[in-house]
Amino acid sequence: MHDDRVHVERRISRMLDERLRPAVYRDAVPLALESWQAPGEPVPVEEGLRAQYSEAKPGELWGPPWGTTWFRVTGTVPGSWAGREVQAVVDLGFATDRPGFSAEALAMRPDGSPIKALNPMSTWLPVASPARGGEPVEVYVEAASNPDVAGAGIGSHLGDVLTAGREPLYQVRRVELAVFDRTVWELVQDLEVLDQLMRQLPTDANRRWQLLRTLERALDLLDLGDVSGSASAVRDELAPALAAPAHAGAHVVSAVGHAHIDSAWLWPLRETVRKVARTVSNVTSLMDDHPELVFAMSSAQQWAWMKEHRPEVWERMREKVGTGQLVPVGGMWVESDTNLPGGEALARQLVHGKRFFLDELGIETTEVWLPDSFGYTAALPQLVALSGSQWFLTQKISWNQTNKHPHHTFWWEGLDGTRVFTHFPPVDTYNSELSGAELAHLVRNFSEKGLANRSLVPFGHGDGGGGPTREMLARAARLKDLEGSAKVEIEAPAAFFEKALADHADPAVWAGELYLELHRATYTTQAGTKQGNRRSEHLLREAELWATTAAVRTGAPYPAAELDRIWKVVLLNQFHDILPGSSIAWVHREARDTYARVAAELESLIATAQTALAGDPSTDDRVLFNAAPHARGGVPAGGAVVSEQALGATEAHVTADGDGYVLDNGLVRAVVDGRGLLTSVVDLASGREAIAAGAAGNLLQLHPDVPNNWDAWDVDRHYTRRVTDLVDHTSLAPVDGAAAVRVERRFGDSTATQVVSLEPGAGRVDVETEVDWHEVETFLKAAFPLDVRADRSSAETQFGYVERSTTTNTSWDVARFEICAHRYLHVGEPGYGLAVVNDSSYGHDVTRSVRDDGGTTTTVRLSLLRAPRFPDPETDQGRHRFRYGLVVGADLLDATREGHWMNLPPRSIPGDTAFEPLVSVDQDGIVVSAVKLADDAGTDPDGDVVVRVYEALGARATGHLSLGFPAGSVVATDLLERPLADGAVEVSTDGRVGLILRPFQVLTLRVTRAQRA
């Protein structure tokens, strides 16, 4: 027989596009349209409903960038339509090629209660079924004219309301009342499912040809002059093909309704509140008609927004949680980045997320749901387990540029050895439409074939697309048990994980970080946002520590509400498109302002607590406070001394040396040459030179930086092929009153001023860099070529460090050409090491080369600034200040200690009272991460004290925690401060608690005060 497959497939496509889909709505009549443009920011619903509307018509332009236009739609159901299903079709000029990233709207009844959202792929509104002739129609539509920032391209200023202009963006296309022909709609679903399935089957498969002939015969029955009248007959012809059951061994898909809504990205935070309201209204409306729909919704912050801003939406959410259809997942405050937040912040993401769902809904979430973050720290499995969760899901690693991850369902092993059952949906998207192509891809792609037979598919349009649609649910129903396809079951994520674990007898293990081989520039982009985060995290540590100490020692009230609120603000800004720097200008402008307010609030809380502790402020003495976890200059960790009690330190001085300078403090001697570069840094205790022969440290380097895609997100390896070393300067001079040298440089349209200094008693050369940055598509790095042969680097991560190869032996090593480190990055060889510490940088690279003298140079570079032009065309422009330092003779303990010291500088205020720490540890490798009052203590100064410690060096640690207050009992808890099974801990009579920690273990202890025992 002749192969007419292509001919028949083209016929099917044309019939669907030109005859069947247009026939779903018929007998349309226009609706009356009125509009009102809200001034400025969005207004409350009540104000929009009572506004003064004026006449509008289809074809009219509306909506300046970031504006809100309210429409009132009115009409009457024609008498001849009585008994039929009637819907409104409202197309406000939506994009036709994508589900979101366009205008979107929420339709409401006259009382303000939501009906559903209007999105590019869902322009219909229910009116009546069955309708009554003469029935009035009145709908209010709050429409957001959000600009298409992505479509506007590189350099566009649409990403900030301050620069976007006021010209209208959209044009109303269609506002009509129409009869909805359900039979024709069902036929469209039948044809789409069979057609999509057929096209994915092998051309030599019998089932493919059976479906082709079935579809051909069915179209022969379609009367193009009476589509509605012939639709039932066509469906009858297709019914046997749809009834054929799937093969017994067919792959099983757990389909989970989902809408990935970025808490900010190409829109500001305030718009996300409305996106969530629209999507949830869509979903809850769809649930009324489809009780089988299960929708997973993450991000406790988004739930909290509905409770605060849209109580009517919140009540619908609570209703659907009660039916089991709306399922909270994730157990985090937001879907945060996991590379950049500090350990304590990442723990609090889980604490605040899980506690919200417990307090508000009585639900303990069991899965951590992070489908879109840009790589996953090796610290996460332990934190997942300590939060009381069991499962982890992401699909982002499927975006790897170089290496395909070998597993989809596996155990992920973290730094400390904790394992969490993990799934990567092989469908490779979190916005599935349950299409035939997607299901066929996931079956082909699934790595565990022969070992397991189940995967999860998150389906629904995200980011303003409205979530699942009725068409997706129709596909799911037809694909439940269909020959040639995977079997589709709609169920909650937890149900999937339980079945998947039972289905897989021996899952493979992946140990260590889940490094994303993409989006590496997110370690650096938007330096101001990253600095604000780093500073906020450390100020929060100080505020909790000193407020707790003041509460226990002086009875001062504990600022629980303030700290809770501030933590949530900081956690929100750790969302995976804010902290990584990949949002529009508006988002980062607001983030910088937010961090400034947070810093001011926390400084006030710290000052209040320290004042309560310091005694008489009228004295000439000063009290020195040390919030770092290690003693410093005679001040104990977490304690304070009066100034004369502090230990003296060696002197430091600077002397001229030819056209350069020598800095010396008796521990380190550093040479700054006539170019203002570090040509020698000698560890005087060992006599060891840190800088590689013939090289110079603190070398600022510029690279052209134009990645192939994703400007704010990506840095591609080709950037290294061109480099400009900044060696010329405009001035070089010593700094009065300090062992320091200042060098100023000009390059392009920018300037850099650096102060290289050596403090008395320090084993670290510090560099403070101020850059007035006005470059474009340029990468600024600071290089330290070091005289060590390091085969791996140790980069601080949350609650420990991660080791990475410095070689390029494997494709996995090559792909890690840009890496993330927190406060330190350590390199070394047996017997000697060096560390680069910083106060706000995250991006680094580490490379090795062999010199002519046979020695090996290991070069550590910090990534300081970028200048991508999308989505923020002014990224990083302006003034920036960085601090970093080179620590000589450093082991991992030194690196840990110096990193904390740089980020937690000592404080002093007038006073006459010293005090011992509230808690102290006698083993330096055990680091105190947090000291606070228990979350359920409120403002009560007699509340339980919570102490979190971790083992920082990757070694088994034994030591003691000393309590500087009378303790009643001590119990080990989870992150939510709930006692662990067998968590009771013995306290000695002198207030000491024995500690035995495995490598990188995190331990939380809850201490009851003796008077409350």
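Biologist: What makes a run of residues a helix or a strand here?

Modeller: Helices (H or I, at least four residues) and strands (E, at least two) are DSSP runs, numbered from the N terminus. By that rule residues 979-985 are strand E51, and Asp982 lies in it. This is a predicted model, in which local features need pLDDT of at least 70, side-chain atom pairs count only at pLDDT 80 or more, and totals for chains, interfaces and linings use all residues. Residues are numbered from 1 along each chain as its sequence is written, and side-chain values use heavy atoms, with hydrogens and water left out.

Biologist: Why does Asp982 count as exposed?

Modeller: Exposed means over 50% relative accessible area, buried under 20%, and partly exposed in between (1.4 Å probe, protein chains only). Asp982 has 81% relative accessibility, so it counts as exposed. Its phi is near 55°, a positive value in a residue other than glycine.

Biologist: Is Leu434 buried or exposed?

Modeller: The relative accessible area of Leu434 is 1%, so Leu434 is buried. Leu434 sits in the loop between strand E19 (419-423) and helix H12 (436-445). It is not a glycine, yet its phi is positive, about 60°.

Biologist: Which bond joins Phe870 and Pro871?

Modeller: A cis peptide bond, with omega about 5°. Pro871 is in the loop between strand E43 (856-865) and strand E44 (878-887). Ser129 and Pro130 are also joined by a cis peptide bond, with omega about 0°. Pro130 belongs to the loop between strand E9 (124-128) and strand E10 (136-145).

Biologist: Why is H9 called roughly perpendicular to H10?

Modeller: Axes are lines fitted to C-alpha atoms, for helices over the stretch in contact, and angles run from 0 to 180 degrees between N-to-C directions. Angles under 35 degrees count as roughly parallel, over 145 as roughly antiparallel, 65 to 115 as roughly perpendicular and the rest as oblique. Helix H9 (residues 311-323) and helix H10 (residues 343-361) pack at about 85°, with axes 12 Å apart. That makes H9 roughly perpendicular to H10.

Biologist: Which residues of H9 and H10 meet?

Modeller: Contact means heavy atoms within 4.5 Å. Trp314, Arg318 and Val321 of H9 meet Phe356, Glu360 and Leu361 of H10.
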